[in-house]
Amino acid sequence: MLVLFEGLVTCPSILGTIIIMGNNFQFIQVERHDPEKKAADERVKEYREIYGEFDQARAAEQSDRCLGCGNPYCEWKCPVHNYIPNWLKLIAEGNIDEAVELSHRTNSLPEITGRVCPHDRLCEGSCTLDEGGFGAVTIGNVEKYISDTAFAKGWVPDLSKVKDTGKKVAIVGAGPAGLSCADVLARQGVKAVVYDRYPEIGGLLTFGIPEFKLEKEIVMNRRRIFEGMGIEFKLGVEIGKDISFKDIADSHDAVFLGMGTYNSMKACIPGEDLPGVYAALDYLISNVNRCHGYEKDAADYIGMQGKHVVVLGGGDTAMDCNRTSIRQNAASVACAYRRDEANMPGSKREVANAKEEGVHFMFNRQPIEIVGNGRVEGVKVVTTELGEPDERGRRRPVVVEGSEEIIMADAVIVAFGFQPSPADWFGENNIETDDRGRVIAPEKAEFKFQTKNPKVFAGGDMVRGSDLVVTAIWEGREAADGILDYLDI
Ligand code: FAD
Ligand code: SF4
């Protein structure tokens, strides 16, 4: 970064030289600060978020570090294209009321993305200050601060000028995709009725992502806001089982599907069916059910107290299993991953948090068998080295001959990701899937995210494959635009 004179800075590191006008040199005097993080030995005793909040002065100071770039890369990299420099400026000026309105113009769940987005590889990863080595603006934490502060002041969306269109849309799935679709529709005077088989809204926000990343009260608060906007939730209702798809399609003007991906990928190694081997999501959901009183049968709970746990995988779900096991007082938690640390797919922040909390990482270890006599006793792994890149550019793990070893374990959690789970009623309702089971609903179509059945739209993980909260939000919002066009509103 080259400072030419006050108010004009060139940053040659990105796409040639760009000129940054406006804000001056706070970024030199004021370093990046994140809210305080609880000490590891304290936070492992509870299922609570580990990061604190900015106060008004700190939020303003950190927001004021933004350069106000003419072409803000953060905004492009953010999947919902938040007006980031604009709301940073409003917070620097102390204008929370306008900031919260602006934040909701592009994002239906900003208090949630502020907490769970992998900021380091999205907005903050493309901040000009980060490129220049000054430390990115703390965009995610300011986004969280805006909503949390406005909610504490009693802010709710003002829909008093919205005219009822008389149209009604059914939404299957109360995850981020379905909720965001409902949000956009409600703001345009369309009645949104959201069905979910679970007893609470949120999808994986509630029944997946643990509380140390996102406390459930945050999602409950959003439910109250949505209900106040006239969105109706029909929970504990599975479409295709409790009500037929045809019934909801016939009784609504359009349908949006945001049903997620729920087929856990198997390890496909001998011993995977031994007692003591668990799928990641079954494990995480059982813990949520126990902690929040949703448990129907105590036998469904998977507890790790006193056990030596091995988690297989290196993504965010694996980190969530590691850290939940630690909180359940496992005797030890080891995480085996087949590539090295630099090539882990999950958020670096979450890996660092897991390490601080006592997870032992075993990099370059590929499981080849789960061993045990009648129940799991260990995982046989081989050591790997990184070879040539695969078609996605990631270096393939290559097995080192004669490197077999057994990691002792009383419990193994398989966290290898998720594949689509198309419903058996898709075919008869003209809802097509691709060869990987993802629902075909193109973004670039006359009506965005419309399926082959003209009345049915879809978005989120079930269309793009397992991804992120923020991408599901974006697709839900875009699909709502497609529905509004289809309904000629
Ligand atoms: P979901 O959130 O899966 O919601 C789908 C909903 O549809 C569910 O509530 C389901 O019950 C409902 N449903 C399905 N079928 C039916 C039916 N027939 N009838 C009624 N209801 C139905 N992303 C991040 O950005 N940051 C993270 O930190 C992060 N951590 C994660 C941790 C875990 C353990 C997991 C599994 C995922 C994580 N993700 C994270 C990914 C993120 O949660 C998902 O990409 C996102 O939730 C997808 O949203 P969705 O609305 O498409 O689907
Ligand atoms: Fe960054 Fe995610 Fe917020 Fe976009 S939604 S500004 S990527 S934290």
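Colleague: In which hand does α13 pass α14?

Modeller: A crossing is left-handed if the near helix is turned anticlockwise from the far one by less than a right angle, and right-handed if clockwise. Here α13 passes α14 in a left-handed crossing. One caution: this is a predicted model, where local features need pLDDT of at least 70, side-chain atom pairs count only at pLDDT 80 or more, and totals for chains, interfaces and linings use all residues. Residues are numbered from 1 along each chain as its sequence is written, chains are lettered from A and ligands numbered from 1 in the order in which they are written, and side-chain values use heavy atoms, with hydrogens and water left out.

Colleague: At what angle do the axes of α13 and α14 cross?

Modeller: Axes are lines fitted to C-alpha atoms, for helices over the stretch in contact, and angles run from 0 to 180 degrees between N-to-C directions. Helices (H or I, at least four residues) and strands (E, at least two) are DSSP runs, numbered from the N terminus. The axes of α13 (residues 280-292) and α14 cross at roughly 45 degrees and come within 10 Å. Therefore α13 is oblique to α14. Angles under 35 degrees count as roughly parallel, over 145 as roughly antiparallel, 65 to 115 as roughly perpendicular and the rest as oblique.

Colleague: How do the axes of α3 and α5 cross?

Modeller: For α3 (residues 56-63) and α5 (residues 84-92), the angle is roughly 135 degrees, and the axes come within 8 Å. That makes α3 oblique to α5. The crossing of α3 and α5 is left-handed.

Colleague: Now ligand 1. Which residues come nearest?

Modeller: A residue is near a molecule if one of its heavy atoms lies within 4 Å of it. Of the 32 residues around ligand 1, the nearest are Val116, Asp196, Lys213, Tyr262 and Asp461.

Colleague: Which polar side-chain atom lies 2.6 Å from an oxygen atom of ligand 1?

Modeller: A polar contact is a pair of N or O atoms within 3.5 Å. That side-chain atom belongs to Asp196. A polar backbone atom of Ala177 is 2.9 Å from an oxygen atom of ligand 1.

Colleague: And ligand 2: which residues come nearest there?

Modeller: They are Cys78, Cys117, His119, Cys123 and Glu143, out of 13 around ligand 2. By class, the shell around ligand 2 has 8 nonpolar, 4 polar and 1 charged. Ala, Val, Leu, Ile, Met, Phe, Trp, Tyr, Cys and Pro count as nonpolar, Asp, Glu, Lys and Arg as charged, and the others, Gly among them, as polar.

Notes: Polar contact = N/O pair within 3.5 Å; in protein donor to acceptor, adjacent residues only side chain to side chain.
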